[in-house]
Amino acid sequence: MDGKERSLDSAGGVRALDVLGIRWGFLKGQILSFVKSLVSPFHISLPLLIPQTLIILLCTAASEIVASQNTPTNDKQEGAVQTQMRNVTYHFSDTVVVEIKWLNGELVPLGKNEFPVFDDKDSFNLRISTGEISIDSSNLANVLNSYVFARPHSPLTGLSIIVEKGHLKVKGKLHDKGDIPFETEGILTPTADGKLRLHSEKIKAMHVPVKGLMDLFGIDLGGLIKEGKVPGVRAEEDDLILDLEQILPPPHIEGKVVSVRIDGDNIIQIFGGSDAKPVKNIRAGNYMAYKKNRLRFNKLLMNDADLILIDMDPSDPLDFYLEHYKEQLSAGYTKTTLDSGLRVFIKDFNKLHAAKASPVSDKAK
């Protein structure tokens with residue numbers, strides 16, 4: 001290595017240290033002390049050894065910095081399980097349900113989990129590559145009431161949402177202002193980063209027009225939203241930005257919303273690219289398919305997963321509730337394929353506990 005190359009390597013190392021905020025003067029002194037104590041017993045020439053030692057140390061530090069910058073710390077992509085869903089009514093909770101028309105994506109393990117675990121809804125996220133999911137206005141209101149503004153003494157209470165002529169009307173009460181009724185009316189559009197924007201066109205408090213959204217909410221809630229202390233909600237002038245990944249209960253979903261449309265009372269969201277279309281179906285009917293890597297459900301751990309949950313009644317969507325999936329499995333039956341895959345025919349959640357038949361009247365007897 002000639003002098004020019006040594007100078008370039010040293011400069012690059014100093015720049016790398018600057019990225020970490022380490023003072024070069026301090027580190028230089030520490031390294032010199034270390035090298036002196038190391039080489040003195042062996043009478044090695046310090047002028048020749050020190051530059052080489054510094055270059056080795058700095059190049060190592062720089063390579064570690066680059067590696068740490070290029071390697072995601074929370075991405076468990078290597079353990080992700082491929083999934084495809086068709087015609088599924090998906091229960092996130094007792095009060096929040098969405099309709100999955102079609103979906104292609106992955107179950108991505110979270111935290112210390114090396115693979116998704118059906119019995120732990122916090123063990124994975126549902127990462128959507130492409131898909132079409134709808135939520136009706138009442139379920140969206142349940143999300144806001146039960147999760148977003150569910151903390152004690154929430155400034156907003158009693159929220160309701162209705163759809164009229166393609167517009168969302170949100171009504172509620174400003175709890176911290178003496179339960180003053182308010183209402184806003186606006187439209188939903190996707191943001192550039194794939195979230196939902198509720199643009200308020202009309203704002204009223206006690207049936208009187210209000211200048212703007214933050215004027216309505218005041219300092220208390222407005223400050224919380226601007227500071228990001230209301231999970232999944234942020235404010236931009238008179239718009240509220242909703243992040244589905246944060247406002248929906250677990251398992252949380254990840255994905256980019258590219259378009260939104262209103263159909264009756266349903267808010268339909270398209271995930272993926274602008275030309276997102278369903279890929280080829282794995283099979284006919286209503287189902288949830290899981291492929292590749294490891295997946296645990298019940299007491300079974302599947303390596304190289306090949307699991308398909310199939311609707312026993314294809315006449316309507318597969319009604320699925322993760323918290324009650326064992327009941328749905330036990331009410332159905334399982335088949336094993338020649339290559340060790342599982343095909344599980346499950347009963348709809350909403351048909352597990354059918355209402356008891358009303359007593360037959362004496363006249364009917």
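Visitor: Which strand supplies the largest share of the lining of the second largest cavity?

Guide: That is S13, with three residues. Before we go on, this is a predicted model, where local features need pLDDT of at least 70 and side-chain atom pairs count only at pLDDT 80 or more, while totals for chains, interfaces and linings use all residues. Residues are numbered from 1 along each chain as its sequence is written, and side-chain values use heavy atoms, with hydrogens and water left out.

Visitor: What makes a space a cavity?

Guide: On a 1 Å grid over the protein atoms alone, it is a set of points where a 1.4 Å probe fits but cannot get out, and a lining residue has an atom within 4 Å of a point. The structure holds three cavities of 30 Å³ or more.

Visitor: How many of the lining residues are nonpolar, polar or charged?

Guide: The lining has 12 nonpolar residues, one polar and no charged ones. Ala, Val, Leu, Ile, Met, Phe, Trp, Tyr, Cys and Pro count as nonpolar, Asp, Glu, Lys and Arg as charged, and the others, Gly among them, as polar.

Visitor: Why is Ser134 called buried?

Guide: Buried means under 20% relative accessible area, exposed means over 50%, and partly exposed lies in between, with a 1.4 Å probe and protein chains only. Ser134 has 13% relative accessibility, so it counts as buried. This serine is found in strand S3. Leaving aside neighbours within four places in sequence, Ser134 is in contact (heavy atoms within 4.5 Å) with residues including Val98, Ile268 and Gln269.

Visitor: Why is strand S17 described as largely enclosed?

Guide: Six of the six residues of S17 (306-311) are buried, so the rest of the structure largely encloses this strand. Both faces are covered: Asp306, Ile308 and Ile310 lie on one side, with Leu307, Leu309 and Asp311 on the other.

Visitor: What makes S17 and S20 a pair, and how do they run?

Guide: Two strands pair if DSSP finds at least two bridges between them. S17 and S20 are joined by five bridges and run parallel, with Leu307 opposite Leu342 in S20. S17 also pairs with strand S14 (287-291), in the antiparallel sense, over five bridges. There, Lys291 has Asp306 as its bridge partner.

Visitor: Which strand pairs with S20 in the antiparallel sense over four bridges?

Guide: Strand S19 (333-336) does, and Thr334 has Val344 in S20 as its bridge partner. Five residues sit between the strands of this hairpin, where Ser340 takes a positive phi near 70°.

Visitor: Why is Asn293 called partly exposed?

Guide: Its relative accessibility is 31%, so Asn293 counts as partly exposed. Asn293 also has a positive phi of about 55° although it is not a glycine. Asn298 likewise has a positive phi of about 55°, and at 38% relative accessibility Asn298 counts as partly exposed.

Visitor: Which peptide bond is cis, with omega about 0°?

Guide: The one that joins Pro250 and Pro251. Pro251 lies in the loop between H6 and strand S11 (253-254).

Definitions and conventions:
Helix = DSSP H or I, 4+ residues; strand = E, 2+ residues; numbered from the N terminus. 1 Å grid on protein atoms, 1.4 Å probe; cavity = no way out; pocket = protein on both sides within 12 Å on 5 of 7 lines; lining within 4 Å. Points joined across faces, edges and corners; volume = space filled by probe spheres on them.
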